[in-house]
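Okay, thanks for coming, everyone.

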Amino acid sequence: MDETRARPEAGTPPSRAAKPLMRVLGGERVDPPPIWLMRQAGRYLPEYRALRAEKGGFLALATDPAAAAEVTLQPIRRFGFDGAILFSDILMVPWALGQELTFGPGEGPRLAPKLDVREAIERIGVPDHAKLRPIYDTVARVAAALPPAVAFLGFAGSPWTVATYMVAGQGSKDQAEARRLAYADPGAFGALIDRVVDLTVDYLAAQHGAGVEAVQLFDSWAGSLAPAQFERWVIGPNAAIVERLRARCPKLLIIGFPKGAGAKLPAYARETGVDAVGLDETVDPVWAHANLPPGLPVQGNLDPLALVTGGEALAGAVRRVIDALRERPHVFNLGHGIVPDAPIPHVERLLALVRGGA
Ligand code: CP3
């Protein structure tokens, strides 16, 4: 890690110095660890479900800046998390690249047409930035309304994960279509990845321009790749995004979350140059502390199902995560998104546990 990034300096804006989450992402240890939860704006909240029903669907909600800003702020108001995450979706990038996007009731998202042939990848459109403008308006509204100690996070999907949806047209259990295409026609698949990298850099730089202070790169399906493919399709594109974003947005901090990367995490951290690494719940935080670069901030990694269960299972799991990561900058989070049936009193208890030092 670049040591100059690890120390708060004279030039640090007061806004960042006052935000525990930004201090940790900048390389400082803060006790108790700041906390936010992946998918904290979403279906486990009755106020989210009410607004979604009123707007008539996910896409209508995500492209309505007033409503999307309200959803972003709902969990901050209710729980007082240390970070707010923009309410949007990783599939806005394929949508801006010309695929149709639908979120049907009770099913996962669908993209059409599927990009399963070389011609289709070549036909993919010039990105339509106008489609993403409502998202930047959401960012500006949230930035103006957030309490001063709360950090504001933007995000995008990492190119591999986004491409798995673009190629299959929907989520898939083992990402077989994208994996096959990546072996069979790496040139065409690489061209698709490059298009996603380009738009993702512009998209995240624009989120930062509108007010987010850090961004998370979600590589939800990083775990499905063999090691050489992981190097090429996870580490390579994420490293390119980090390098290009740093050049354009020197103050923006970047969290990489390669879910399922396991033993490949140390290489991911070193080779992508992210400011912080997210750990999923299958990673032993004791192992992560011993094997990740010293001083690198980590985020995670409570099992979302321990949160659903509550009681002693929750308290014990929280304690293990906090204890394992006591000696390095740590942002408390789940190992993956909060699930819709997580009880609200358990979320309140989690905050009390973490803030009470567990
Ligand atoms: O974290 C947040 O609160 C911010 C908003 C956010 C959403 N999606 C809203 C959403 C974020 C950061 C995402 C990321 C996302 N989207 C990922 C990466 C993280 C992960 O969970 O692995 C992925 C793979 C997607 C794609 C996606 N969007 C799927 C597979 C689904 C359906 C399944 C599911 O988990 O709901 C969505 C829909 C979606 N995105 C919802 C929300 C709140 C539910 C939509 C609804 O209200 O029905």
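Let's start at Q229, which sits in helix 13, residues 227-248. Helices here are DSSP runs of H or I, at least four residues, numbered from the N terminus. Before I go on: this is a predicted model, where local features need pLDDT of at least 70, side-chain atom pairs count only at pLDDT 80 or more, and totals for chains, interfaces and linings use all residues. Residues are numbered from 1 along each chain as its sequence is written, and side-chain values use heavy atoms, with hydrogens and water left out.

So, is Q229 buried or exposed? Buried, at a relative accessible area of 11%; the cut-offs are under 20% for buried, over 50% for exposed and partly exposed in between, with a 1.4 Å probe and protein chains only. And what does Q229 touch, leaving aside neighbours within four places in sequence? A182, Y183 and V234, with contact meaning heavy atoms within 4.5 Å.

Now over to helix 11, residues 176-184. A178, L181 and A182 are buried there. Looking down the axis of helix 11, those buried residues fall within an arc of 100 degrees, so they line one face; that arc is taken from the directions from the helix axis to the C-beta atoms. R180, Y183 and A184 are exposed, on the face turned away from the buried side of helix 11.

Axes are lines fitted to C-alpha atoms over the stretch in contact, and angles run from 0 to 180 degrees between N-to-C directions. The contact uses W160, T164, V167 and A168 from helix 10, and E177, A178, R179 and L181 from helix 11.

Methods: Helices (H or I, at least four residues) and strands (E, at least two) are DSSP runs, numbered from the N terminus.
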